[in-house]
Amino acid sequence: MSLTLSRIVSTEDIRSAVSAIPKTAQTWQGAEGPRLEMTFAAGMVRLSRRDRSLAEKAHERRVAARFKETGDLRSALAYSPGMTGTLRAEIVAFTRQARSRMVRTLCTLDFAPLFLEGHQPAMVTLTLPGAWEVIAPDARTFKTVIKRFKDRFEYSWGRSIVGVWKMEFQRRGAPHLHILMTPPAGRARGTGETFKEWLGLAWAGACKTAELLGPIEAEKHVNAGTGIDYDRHGQWADAKRIAIYYAKHGLFEAKEYQNQAPALWVEQGSVGRFWGYWGLKSSGSTIDLDMRKVRHDPSPADAVESVIEKCAAAGIEVTDAVKSFAESRVNDGLSA
């Protein structure tokens with residue numbers, strides 16, 4: 001169950017509203033059995049049932065299994081220096097399950113930082129040139145390019161990028177990145193460029209296009225490798241609309257290629273995550289419910305009116321005696 005909100009709702013707004021809801025169940029103290037939970041977030045209201053005792057036991061089993069797997073890797077001398085966990089399953093496509101997780105997560109994020117000081121967010125697109133295989137022969141290299149771009153942004157604008165990103169692929173296999181972020185106002189430190197002027201140069205620099213492909217291709221990349229699309233139709237006006245917008249990318253069969261990594265990358269293993277966010281936090285707040293106490297009791301007047309309507313519908317004449325009888329039955333129910 002979810003609600004479409006008409007504006008960005010901050011974490012503070014949600015917590016303030018949730019704190020005003022009467023508590024119908026005591027805080028969980030370790031008891032076994034399922035409990036009803038209601039989660040309120042910026043883009044959804046969700047009712048779910050969860051057995052926290054079973055969840056804790058399952059978590060303990062996963063930790064034990066991970067510890068054993070790590071030990072086996074060390075014993076087999078397959079645990080490389082710098083590894084901090086077990087080997088993860090390879091990711092080669094953006095599946096429907098991943099899309100569902102993305103939508104759920106985006107509905108819970110607090111997007112208020114994107115609208116601070118009256119700034120307007122925009123979808124920033126970063127693409128690679130024709131010979132993209134030279135710049136990003138594998139997923140790890142592409143993620144390194146993104147890291148260089150983020151570092152350049154932080155140096156030039158004095159803050160980190162805050163927003164949501166999604167990796168997709170063109171028909172030719174070239175990866176590109178969509179980032180919903182708030183373009184900075186003013187001018188870049190050191191160069192004095194506006195964000196629009198800075199973006200193409202910074203992205204081509206992060207890709208090392210001039211070094212790898214030459215100055216002519218670099219100039220083309222500076223001019224055509226980026227895009228800035230401001231919201232003109234309210235499609236990023238709240239958390240749920242943002243989630244729906246991202247879910248539409250590659251949703252239909254005609255665009256499913258956008259969510260399929262190129263063979264060049266797949267042959268080398270996992271391509272990593274297809275989506276994520278930077279600098280945003282969850283806005284969700286959960287309360288426990290006791291459904292035995294969550295019910296709507298009509299007022300006495302409404303209850304009497306309901307009895308009278310049922311009598312009339314059954315063809316029973318509604319006399320003063322019938323009304324008195326209905327009122328007595330309602331009063332008896334309230335006193336019980």
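Contact means heavy atoms within 4.5 Å. Helices (H or I, at least four residues) and strands (E, at least two) are DSSP runs, numbered from the N terminus. The structure is a predicted model, in which local features need pLDDT of at least 70, side-chain atom pairs count only at pLDDT 80 or more, and totals for chains, interfaces and linings use all residues. Residues are numbered from 1 along each chain as its sequence is written, and side-chain values use heavy atoms, with hydrogens and water left out.

**Exercise 1. Covering of helix α9**

Determine which residues of α9 are buried and what covers them.

*Solution.* Step 1: apply the cut-offs, by which buried means under 20% relative accessible area, exposed over 50%, and partly exposed in between (1.4 Å probe, protein chains only). Step 2: α9 spans residues 239-248, and seven of its ten residues are buried, so the helix is mostly covered. Step 3: the buried residues are Ala239, Lys240, Ile242, Ala243, Tyr245, Tyr246 and Ala247. Step 4: the elements covering them include α3 (96-108), β3 (122-127), β4 (163-169) and β5. Step 5: arginine 241, also in α9, counts as partly exposed because its relative accessibility is 35%. Its C-alpha atom is separated by 10.0 Å from that of valine 103, 138 residues apart along the chain.

**Exercise 2. Packing of α3 on α9**

Classify the orientation of α3 relative to α9 and list the residues that meet.

*Solution.* Step 1: two packed helices are described by the angle between their axes and the distance between the axes. Axes are lines fitted to C-alpha atoms, for helices over the stretch in contact, and angles run from 0 to 180 degrees between N-to-C directions. Step 2: α3 and α9 pack at about 160°, with their axes 8 Å apart. That makes α3 roughly antiparallel to α9 (under 35 degrees counts as roughly parallel, over 145 as roughly antiparallel, 65 to 115 as roughly perpendicular and the rest as oblique). Step 3: Arg99, Met102, Val103, Leu106 and Cys107 in α3 meet Ala239, Lys240, Ala243, Tyr246 and Ala247 in α9. Step 4: by class, this contact has eight nonpolar, no polar and two charged residues (Ala, Val, Leu, Ile, Met, Phe, Trp, Tyr, Cys and Pro count as nonpolar, Asp, Glu, Lys and Arg as charged, and the others, Gly among them, as polar).

**Exercise 3. Surroundings of histidine 176**

*Solution.* Step 1: histidine 176 lies in strand β5 (residues 175-181). Step 4: leaving aside neighbours within four places in sequence, the contacts of histidine 176 include Thr125, Phe142 and Glu168.
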